Amino acid sequence: MMNPLTMEQAAAFVAMPLDALRREYPNHIMHVLNGPEDVQSPRALHPVFYGSYDWHSAVHGFWLLARCARLYPDLPSQDAIATLFDAHFTAAGMAVETAYFQTPNRESFERPYGFGWLLALAHELDRWQHPRAKTWLAAMQPLVTEIRARLLKYLSILSYPIRSGAHYNTAFALALAFDYARHYGDSELATAIIDTANVFYGADRNYPANFEPGGDEFLSPALTAALLMSKTLDAAAFESWFDKYLPDLSAVPNLMQAARLSDRTDPKVAHLDGLNLSRVWCLRQIAQKLPAQHAVHAQLTAAIAHHLNASLPHVVGSHYSGSHWLASFAMLALENSND
């Protein structure tokens, strides 16, 4: 079932954010202006995460660099990666990033998608053995502390799960945040996520996944919820839950078949390559949590291969609509849960 990431793939993936993270334009700003003084350039607003078209893509671009550098110490671009972190991960730059979140009327900025990725980046930096990784992590710690607190507050006021196939999806962000919480032994955050997952998804039965995919989704609402439950439930409880949640995978063929793309240069249509790749990440981890003899394993294995074949070849060399972010999703798709 595994398609391990190779050194060659890692090098090709890394080249994409090494370029994009320095590109200020084109840029898609989600920005609340409180007054004329807020009319500023992307780099002035976000001196660390200004590249890669939007804030969250910059965050997970750095995550990809750190992850590939950690997994492959002999990666030829190690020095280039460290140079980029040195230039961006400064205390002064992170102070501006943190202050941005603390400005009035920006409570929902990058919530929850950017929250999840920021915590994933902190998680990855803490695992990386580079001699300056802890310095870079220390520089971003005030921002991490701010985002962690904001995520906890968000969970305390969120009455219903957001089951979209894009940035506002609740389960995807919580899956990333839960890995962070487990890594750090953060019982407060981990418990909040477990409780939220149980309330939002624990009673789900016969999920209507036949309505997927939407035309510009990069996440599967059905599979991201299952991914989160696979992390927050023990194996026996997850098997029992999953058998009720998706009792007949043959009844939801669109979930097991890769999405088709008509135009990879269109920024919304290009989301569907991300959908195929994020589905692989979910399907792998679901399969790993289920018993080896479970009846759905053959279907999951076939779906993983189909989704990978449909989109992985289009990541490297893709139009900027995809190249500013798709390598991170390819990394998730090829991820070993033990990495």
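Student: What radius of gyration would a compact globule with 339 residues have, and what is the value for the protein?

Tutor: This is a predicted model. A compact globule with 339 residues would have a radius of gyration near 20 Å, and the protein has 19 Å, so the two agree. Along its principal axes, the C-alpha trace spans about 55 × 45 × 40 Å.

Student: How many helices and strands does the secondary structure contain?

Tutor: The protein has 16 helices and zero strands.

Student: What percentage of the residues in the protein is buried?

Tutor: Burial is counted as under 20% relative accessible area. Buried residues make up 57% of the 339 residues.

Student: Which residues touch the most other members of the largest nonpolar core?

Tutor: That core has 114 residues, and those touching the most other members are Phe49, Phe85, Phe89, Trp117, Leu125 and Met140. Helix H7 (residues 133-157) supplies the largest share of this core, with twelve residues. A second, separate core has five residues, among them Ala259 and Leu261.

Student: Which residues does Phe89 touch, leaving aside those up to four places away in sequence?

Tutor: Phe89 touches Val48, Phe49, Phe62, Met94, Leu121, Leu125, Trp136, Ala139 and Met140.

Note on methods: Residues numbered from 1 in each chain as written. Predicted model: local features only at pLDDT ≥ 70, side-chain atom pairs only at ≥ 80, totals over all residues. Heavy atoms only, no water. Helix = DSSP H or I, 4+ residues; strand = E, 2+ residues; numbered from the N terminus. Rg over C-alpha atoms; globule rule 2.2 N^0.38 Å. Buried < 20%, exposed > 50% of the residue type's maximum accessible area, 1.4 Å probe, protein only. Core = buried A, V, L, I, M, F, W, Y, C linked by side-chain atoms within 4.5 Å. Contact = heavy atoms within 4.5 Å.
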